[in-house]
Amino acid sequence: MAILKFSASAVAAQIAHARACKTFLSNWNGPVDRPALILIVGNGVHLRSNGIDGTTTRIVTTEQANPSFAFADGMNPFRDTDWMAQRRMAFRDLTGQFYTDILDDVQVLIDRGRGAIRLATDGHSIRVFVRRASDYLIGGTYEVPSGLGGTFRVILKDACDTFAIVQNAGNCEDFDAMQPYRVPLDALMEIDDRRAA
């Protein structure tokens, strides 16, 4: 999982473009009849409008990107020298275009005055992520997916807006003896949170 951060004003411009258009780029299921945001993973990582306004009829993923698109922090080929390494950390070798259904949720955050939009992605699903590091209690008990199909109970040691450092606690002795490790901030679940692992 990765958390991508975008400038809210850049995303707002893409939403305005999409809403101003009357025709839209098709997705894998066929024609699209409403505004949306598309996440592009290719020459950088960016959000763009799905609207067709006569200036383009296709999405460019491997050729030159448009600097007016909403690029993820650290993944802008016009500004970030290590954007390709950052893209690989988030998406490995996955590239392409991903239609999203986040436009209305993102618009709510923009209307509330958020300066940044954060998306959580596992490479196959994309969702708006509204929590911040300050929303979590250092020393608090959480659960994280174990990678074995279940969850580990952990103590939160430290957190930033993209990842957390956790220590296993309250599992079996072998797992609890593990060194602290890093997980995406999005992976932390409240003990009573019933999200699927």
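Q: Hi! What does the side chain of T100 reach at 2.7 Å?
A: The backbone oxygen of L37. This is a predicted model, where local features need pLDDT of at least 70, side-chain atom pairs count only at pLDDT 80 or more, and totals for chains, interfaces and linings use all residues. Residues are numbered from 1 along each chain as its sequence is written, and side-chain values use heavy atoms, with hydrogens and water left out.

Q: Thanks! Where is T100 found?
A: In the loop between β7 (96–99) and α3 (103–111). Helices (H or I, at least four residues) and strands (E, at least two) are DSSP runs, numbered from the N terminus.

Q: Is T100 buried or exposed?
A: T100 counts as buried, at 11% relative accessibility. Buried means under 20% relative accessible area, exposed over 50%, and partly exposed in between (1.4 Å probe, protein chains only).

Q: And what does T100 touch?
A: Leaving out residues up to four places away in sequence, T100 touches A36, L37, L39 and I126; contact means heavy atoms within 4.5 Å.

Q: New topic: which residues of helix α2 are buried?
A: In α2 (residues 83–91), those are W83, R87, A90 and F91. They fall within an arc of 75° seen down the axis of α2, so they line one face of the helix. The arc is that of the directions from the helix axis to the C-beta atoms.

Q: What covers them?
A: The cover includes β1 (2–7), β3 (37–42), β4 (44–49) and β8 (116–121).

Q: Last one: how many helices and strands does the chain have?
A: Four helices and 13 strands.

Note on methods:
Polar contact = N/O pair within 3.5 Å; in protein donor to acceptor, adjacent residues only side chain to side chain.
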